[in-house]
Structure formats: C-alpha cells, structure tokens
Amino acid sequence: MPGEVIDQPNPPPLPSDLPEELDKFAVQLQNISLDQKDYDDLAKFRRAACYIAAAMIFLQDNVYLKREIKPEDIKPRLLGHWGTCPGLILVYSHLNYLITKYDYDMLYVVGPGHGAPAILASVWLEGSLEKFFPEYSRDTKGLSNLITRFSTTAGLPSHINAETPGAIHEGGELGYALAVSFGAVMDNPDLIVTCIIGDGEAESGPTATSWHAAKYIDPEESGAVLPIVHVNGFKISERTVYGCMDNRELTALFLGYGYQPRFVENLDDIDTDMHTSMVWAVGEIRRIQKAAREGKPLSKPRWPVLILRTPKGWSGPKKIHGQFIEGSFHSHQVPLPKAKKDKEELQALQDWLASYGPEDLFNEEGGPIDAITSIIPKMDSKKLGQRIESYGNYHPLEMPNWKHFVVSKGSYESSMKVIGKFIDEVFVKNPHTVRLFSPDELESNKLDGALAHTGRNFQWDQFSRNQGGRVIEVLSEHMCQGFMQGYTLTGRTGIFPTYESFLGIVHTMMVQYSKFNKMARETRWHSDVASINYIETSTWTRQEHNGFSHQNPSFIGSVLKLKPYAARVYLPPDANTFLSTLDHCLRSKNYVNLMVGSKQPTPVFLSPEEAAVHCRAGASIWKFCSTDEGLSPDVVLVGVGSELMFEVIYAAAILRKRMPELRVRVINVTDLMILENEGAHPHALSIDGFDALFTPDVPIHFNYHGYNTEIQGLLFGRPNLDRVSRFHVAKAAVRGAGKRNEKVRLRCQELLSELDMNISETSKYIVEHGNDPEDMYDMPKFD
C-alpha cells in the first residue's frame with residue numbers, strides 16, 4: 001500500500017482538549033547563550049557529520065564532491081536510513097561539547113539503531129573509528145573507505161552493532177534501548193547515559209514499560225540516564241503516535257511516568273535550545289544525586305526528560321516528484337532512491353550534498369578542520385566512541401567456595417533454596433559488580449535466601465527506598481533482560497531467575513544480544529564480558545498450582561539455536577550439582593548460560609565430590625540404580641532434568657523388582673551440549689566417548705525435560721518420546737530390552753500390561769484425592 005498522504009511537511013499534531021494549566025509543568029528555561037565560536041563550531045560539526053552520513057548512503061566515488069556528481073558515482077544499491085540521522089548528530093555534537101566543557105563521563109545509547117550513518121560519521125570525526133579500524137583514518141583515504149564501503153560486505157553495516165565504537169546496544173530491534181541504558185548506569189555512580197528514543201520505538205511495549213526504570217535507580221550508588229525522545233513525527237510510511245500528540249499530552253504522559261519534561265523545538269535556534277536544555281538536565285541529575293549522597297535523598301525524584309521535535313530528514317531534500325521529502329516518511333530510508341537513473345533526483349542529490357559546503361569542512365589531508373575537532377574531547381577516554389565501559393571494563397567476580405553450601409547426599413532439598421544462600425554470599429563478596437533481575441518471582445521460586453544481606457532496590461516504595469540492594473524485581477521480563485544486557489556489557493555480571501514458562505518473552509532480545517556479542521568477539525578490541533545467566537525454575541513438571549498455562553520449556557530450544565560457542569544449557573539433577581553449575585556459570589565469559597532446575601525439594605543424589613566430577617564430565621553412569629553398576633546393559637535409560645531423572649530412577653527400581661533379569665544402565669545428562677555431534681559444539685562427546693557412555697548398539701530411552709524435537713536434533717533422529725513418567729519409562733525399557741534379552745521378551749506383555757494398570761490406577765487416585773500418591777516422591781530403594 002502507498003504511504004500516508006500529507007498536505008504539508010512536518011505537520012503539527014491536532015490540538016488536544018487538555019487544560020492549559022498543564023503548560024506550566026513543561027520546564028521553561030532562560031536561554032544560556034553560547035560563545036559565537038562554539039556556536040559556529042557546533043554547526044560545522046553537524047554539517048560535516050550530516051554530509052558524511054548522506055554520502056555514505058549514496059556515493060561510491062567523488063566522496064569530497066570535488067566535481068558534479070555523475071550517475072557512475074552512485075552506488076548500485078542504495079542502503080541506509082537518513083531520516084533519523086540529523087537528530088542523532090545534533091545530540092552527538094552537544095554531548096561532545098558538554099563533555100569538553102564540563103568533563104562529564106557519558107555514554108550515548110541510540111534506540112534508532114538504523115541511524116548508523118550518523119554515529120559512524122560522528123565517531124570518524126572524533127577519531128574513535130580510526131583507533132579501532134585503522135583503515136578509517138581521518139584523512140582522504142580513510143573517509144573514502146568509510147563512505148564507499150558502507151553497507152557492503154567490505155564495510156560497516158547499516159545498523160549500529162558491536163563494530164560501532166561506543167555502542168552497547170544492538171540496533172536491529174526496537175524497544176530495548178532505555179532498559180539497556182538503565183542497566184548500564186547501575187553501580188556506575190559517575191556515569192550519565194544519554195539515551196535517544198525514536199518516536200517509532202516509543203510505540204513498543206518494552207519502551208513504554210521501561211520509562212518506569214528510573215524508579216529502580218538509587219542515586220546514591222548509581223549513575224543516571226538522560227532520556228531524549230526524538231519526535232520527528234514519522235515511521236516508515238505513516239505518522240507516529242507521539243508525533244500526533246501535542247505538548248500538553250506529552251507533558252501529561254511524562255509527568256505520570258515521574259519525569260520533568262522539557263521540549264527542545266526551537267528550529268530557528270536549535271543549538272541554544274539544546275545546550276540550555278542539556279545543561280539544565282545534567283544539573284537536575286546532579287541535584288538529585290547530591291541530595292542522596294549527602295544523606296538527604298529526595299522522595300520520588302523527578303528525573304529530566306528532553307523531548308526533541310525536529311523534522312524527519314532535516315536538512316535533506318525538501319521535495320521531489322511533487323512529494324514532500326523532509327518532514328515526511330519519504331526521508332525515512334533513502335530519500336532519493338532513483339538518483340542513479342533519474343536526472344531530477346541526481347540533481348537533487350548534488351544540491352543536497354553541496355548545501356553542507358564540504359569544501360569548507362575538511363583540511364588538505366581530508367580530515368576535519370580544527371573548528372570541528374575543537375568541540376571534541378581531547379582525552380580519548382572521554383570520547384563517546386572510546387568510553388572504556390563500552391568495550392573493556394570486565395570485572396570478574398570474587399567467588400565463594402560453593403562446597404561451603406552443599407547439602408547431605410540422601411537428603412531432600414530445594415535446589416533454589418540452596419543456591420539462594422550461595423547467591424547471597426556472591427552479593428556479599430561483590431557489592432558493586434553483580435545484580436539479580438527477576439520478574440517478581442524471587443520468593444515464589446524459593447530464592448529468598450539471596451536477600452539475607454541485601455534488599456530489593458525499588459526507590460518509589462517507602463519500605464525499600466534509599467537502601468541500595470542487589471535485587472531488582474519488576475514484572476517485566478523485557479526490563480529484566482534489558483537491565484542485564486546493559487549491566488553485563490559495561491563489565492559486570494547479571495543473574496536472571498524466572499518461571500520457566502515465561503522466559504520465552506525475551507527470546508528475540510536474547511538473540512539480538514547474542515548477535516551483538518558475536519560481533520564483539522570478532523573485533524580485535526572488545527574485551528571479554530561475563531556470560532548472561534538464566535535460571536529457569538517453577539518448571540512444567542511441578543505445576544500443581546498454575547497448571548497448563550505455566551508449562552512451556554521452549555526457551556531451551558531458543559538457546560540451542562544459538563551459535564555453538566555461545567550456547568550452554570544445563571539441567572542439574574540435584575542441589576549439589578546446581579551449586580557446582582552456578583559456580584561455573586558465574587565464572588564463565590561470553591556465553592548464554594541457561595540453567596534449569598526444580599524449586600521443590602528433590603532427592604540429593606550426589607555428594608559434593610561426586611557432583612563436581614559429574615558436572616565436569618557433563619554426564620555419567622549412575623551405578624547405584626544400574627544393574628551390576630551398568631555393565632552389559634539390555635537397555636540404557638537416560639534422564640535429563642531433575643524431575644525427569646527421578647522418574648528414570650524410579651523406573652529402574654520398578655524394573656529391578658518386577659523383572660530382575662532385565663539389565664539396565666542409568667545415565668544422567670546435566671550438560672545438554674555433550675549430546676551434540678562430535679565437532680558441532682565444544683562440549684560435544686567424541687564418537688568413541690558417546691559409544692562408551694551410551695553403548696553403540698543398545699536401545700536407549702531419553703527422558704528429557706524439553707521438547708522431543710530438541711533432543712532429536714541433538715541426537716540426529718533418535719526415537720520420538722513424549723511420555724515421561726516412571727511407568728512410561730519402564731515400558732520403553734521393557735520394549736527395548738526385549739529385542740536383546742530372551743528372558744525379558746518372554747515376560748514382555750505381562751509386565752507391559754501391569755505397567756498400564758499402574759498408570760491407570762495412579763491417574764484414578766489423583767482424580768479422586770486431588771493429590772499424588774503419598775509415596776510418589778519417595779526415593780526408591782535398590783536393595
């Protein structure tokens with residue numbers, strides 16, 4: 001369908017009927033005048049950056065516009081997004097100026113990640129691109145490389161990613177910039193993250209919720225986020241919601257969120273307006289922080305938010321073929337898509353690029369003139385593209401000895417209760433470099449032991465405010481994931497425990513994060529980061545309270561689909577193995593760790609020493625429930641997952657009692673990745689190792705916690721099994737062993753019918769009594 005038809009560029013919103021009293025709640029300021037030189041230099045920085053950004057989209061030659069543009073100067077395929085670039089550059093130039101003038105510590109997180117040309121142009125001008133990519137030096141050759149290679153296989157991509165100096169946010173998917181920014185400032189008391197949110201992104205659910213993130217920032221211990229909502233009015237082919245809201249509506253909205261809104265919209269003097277607004281905003285941030293750090297914290301502090309209204313594609317072509325370009329959706333991506341073949345568009349491109357006056361912006365070597373570099377911080381460590389937090393700030397944890405928290409073999413313990421105490425000690429030893437983010441489920445998931453020496457960090461609750469706290473509970477998985485990403489990518493460690501069934505909400509966020517981390521690992525300059533650590537509990541196998549709605553182990557499959565160097569999935573069978581696994585995961589780097597376990601008390605099968613050996617191997621034969629310690633089996637029974645393993649053990653006990661002639665080998669798999677084909681994953685067993693453990697020719701029954709298609713993919717099409725109770729496992733063992741053991745085959749039908757009766761009787765008991773049989777969770781004996 002064609003895009004929306006408008007009758008004027010940059011159309012204003014319809015007026016609302018909200019009362020004019022709201023106008024006084026939008027912050028009004030006396031202008032702070034800039035020195036004329038600074039004023040001019042800011043404009044020159046913007047002109048140069050806008051020129052480079054536009055040239056990156058179009059030019060494959062004549063990059064300094066030394067002559068008239070010809071069709072052969074135009075790239076054969078035009079890729080990139082222009083519409084957001086002028087606004088991103090405006091903010092970048094003023095952040096540079098503030099840092100230069102006031103020595104602030106700042107990061108810049110860009111929600112409109114498709115505006116990479118703006119950021120790449122800016123980091124080229126400040127020399128950050130050259131530091132990390134020498135081929136993009138600040139001279140003729142470097143700028144030619146940047147412009148001509150942009151968005152090709154030989155150059156940098158059209159979206160912000162880990163190759164963009166200063167970036168801590170994958171720009172391909174909208175909605176998460178704000179939460180990532182708040183995660184980055186936690187425990188970074190001097191850091192201000194300026195986060196620009198496009199008005200398209202502002203329509204996303206995660207962004208709408210993330211405005212509440214400021215309520216979880218303790219200004220005594222953490223830095224601050226300066227949000228800038230860039231209202232340029234249009235998405236790909238129609239207007240935005242915010243673009244159709246007038247100032248009173250936006251004022252009411254952000255007052256309700258808890259902010260002080262300031263509109264930046266004087267297009268006749270945008271530099272004075274922006275500078276005045278930024279100075280005020282940082283001043284408000286420092287006022288709130290000073291009060292908290294002097295022991296006089298403000299109750300419900302209202303943080304600043306800037307609302308920037310500029311035309312989409314500002315300074316670009318005004319009109320072509322009778323259609324508005326600047327101030328309309330036509331400038332969102334490539335404003336002149338036929339410039340290579342259409343003479344009118346080619347001339348419009350010539351006029352557009354020439355309007356920036358490139359001949360006055362670059363020196364004889366092809367680099368930026370001194371006037372431009374004068375507003376750029378002199379120290380590399382202060383430049384937005386070279387902040388150490390964005391690429392080299394990893395703080396490994398000081399880890400307690402997990403064996404100090406172990407429980408007795410043979411007891412019944414909740415894995416979550418046990419690891420909660422361990423996490424508490426991790427908090428004690430690392431008071432500023434580890435946090436836990438949870439969607440209001442910590443106590444439900446029996447992890448309340450983590451709160452023994454800390455609290456929940458929620459600043460708008462009078463019962464928890466001004467006390468710090470390593471734990472943030474907010475009922476938004478998107479916010480938890482965003483917080484963890486920002487916290488992790490700036491060098492710290494995050495833990496994300498949650499109900500198993502709802503972790504899939506952040507599936508695409510996890511994938512985008514993994515893409516970012518993949519590209520970071522491929523650069524020469526990013527240091528390691530901590531792994532991100534998911535703990536899934538309240539699993540589908542024990543949903544007595546919530547039922548079918550809470551049964552969904554699909555996030556396992558999401559992690560399995562990641563690249564093998566990133567994916568790690570663990571299903572520890574008891575509390576001691578979970579301790580060992582969590583210790584390993586919190587020490588690890590660059591992975592996506594998924595740990596799945598039970599919050600209900602379950603048997604502790606292994607001693608601490610046995611647990612350590614078992615976790616190191618990833619799987620082992622459990623001799624106590626195998627026949628003759630697993631020698632010469634007729635069938636192999638494999639449990640993957642705590643409750644599923646218990647059912648396997650019980651099935652082995654049933655078989656030993658009812659059919660002792662059937663020889664069983666019982667195996668537990670705690671590291672799911674060992675099942676991958678040899679060479680497909682770093683943890684994968686060799687062919688010989690797999691055969692030694694599982695046998696090369698004996699029937700195998702996998703009792704697996706996740707979906708059977710996942711185990712089939714790992715094992716290349718082994719049997720499709722979706723019944724997991726002890727009786728079903730025993731039936732599978734009887735059928736499999738009957739193919740090899742004559743004695744089993746003679747009694748096969750007899751025992752299968754008996755097991756069917758057990759299934760029927762157990763189901764009937766549950767229906768009649770509303771509970772499982774009393775001995776259902778008792779550990780079987782193998783006398």
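Reply: What follows is a set of questions and answers about a predicted model, covering its aromatic rings, cavities, backbone and cysteines.

Me: Why is the pair of Y242 and F254 called edge-to-face?

Reply: The ring centres of Y242 and F254 are 6.2 Å apart, and rings pair if their centres lie within 6.5 Å. Their planes stand at 85°, and an angle over 60 degrees counts as edge-to-face, so the pair of Y242 and F254 takes that name. By this rule the structure has 32 aromatic pairs.

Me: What makes this pair a tie between parts of the chain?

Reply: Y242 belongs to the loop between strand 3 (224–231) and helix 8 (247–257), while F254 belongs to helix 8, so the pair ties together parts that are 12 residues apart in sequence. Both Y242 and F254 are buried.

Me: How do you know that F405 and F422 are also an edge-to-face pair?

Reply: Their rings are 5.5 Å apart from centre to centre, with 80° between the planes, and these values can be set against the limits of 6.5 Å for a pair and over 60 degrees for edge-to-face. The pair links distant parts of the chain, 17 residues apart, with F405 in the loop between helix 11 (370–373) and strand 8 (412–413) and F422 in helix 12 (residues 415–429).

Me: Why is F422 called buried?

Reply: Buried means under 20% relative accessible area, and F422 has 0%, so the label applies to F422.

Me: Which residues form one aromatic cluster?

Reply: The cluster is made up of F132, F133, Y136, Y391 and W525.

Me: What lies over the face of W460, and what lies over the face of Y591?

Reply: K215 takes that place at W460, 4.5 Å from the ring centre, and R568 takes that place at Y591, 3.9 Å from the ring centre. Both K215 and R568 can be set against the distance limit, which is within 6 Å of the ring centre.

Me: How many cavities does a search of the whole structure find, and what lines the largest cavity?

Reply: The search finds seven cavities of 30 Å³ or more, and the largest cavity holds about 120 Å³ of space. It is lined by 15 residues, of which Y108, V110, I119, G166 and A167 are the closest to its centre. Strand 1 (105–110) and helix 3 (116–126) each supply at least two residues of this lining, and strand 1 gives the most, with three residues. By class, the lining of the largest cavity has 11 nonpolar, four polar and no charged residues.

Me: What makes up the lining of the second largest cavity?

Reply: The second largest cavity, with a volume of about 70 Å³, is lined by 16 residues, and S390, Y391, L489, S527 and V529 lie nearest its centre. The largest share of this lining, three residues, comes from helix 14 (residues 507–522). Its residues divide into five nonpolar, eight polar and three charged.

Me: Why is N10 called partly exposed, whereas E629 is called exposed?

Reply: Exposed means over 50% relative accessible area, and partly exposed lies between that and the 20% limit for buried. N10 has 33%, so N10 is partly exposed, whereas E629 has 52%, so E629 is exposed. N10 is found in the segment before helix 1 (36–58), and E629 in the loop between strand 16 (619–621) and strand 17 (635–640). Although neither is a glycine, N10 has a positive phi of about 50°, and E629 has a positive phi of about 60°.

Me: How do you know that C85 and C195 are too far from other cysteines for a bond?

Reply: A disulfide needs two cysteine sulfur atoms within 2.5 Å. The sulfur of C85 is 7.6 Å from the closest cysteine sulfur, in C50, and is therefore too far for a bond. For C195 the closest cysteine sulfur is in C85, at 17 Å, so that distance is too far as well. By this rule the count of disulfides is zero. C85 is buried, with a relative accessible area of 0%, and C195 is buried, with a relative accessible area of 0%.

How values were computed
Residues numbered from 1 in each chain as written. Predicted model: local features only at pLDDT ≥ 70, side-chain atom pairs only at ≥ 80, totals over all residues. Heavy atoms only, no water. Phe/Tyr/Trp six-rings, centres within 6.5 Å; stacked < 30°, edge-to-face > 60°. Helix = DSSP H or I, 4+ residues; strand = E, 2+ residues; numbered from the N terminus. Buried < 20%, exposed > 50% of the residue type's maximum accessible area, 1.4 Å probe, protein only. Lys NZ or Arg CZ within 6 Å of the ring centre and 35° of its normal. 1 Å grid on protein atoms, 1.4 Å probe; cavity = no way out; pocket = protein on both sides within 12 Å on 5 of 7 lines; lining within 4 Å. Points joined across faces, edges and corners; volume = space filled by probe spheres on them. Nonpolar A, V, L, I, M, F, W, Y, C, P; charged D, E, K, R; others polar.
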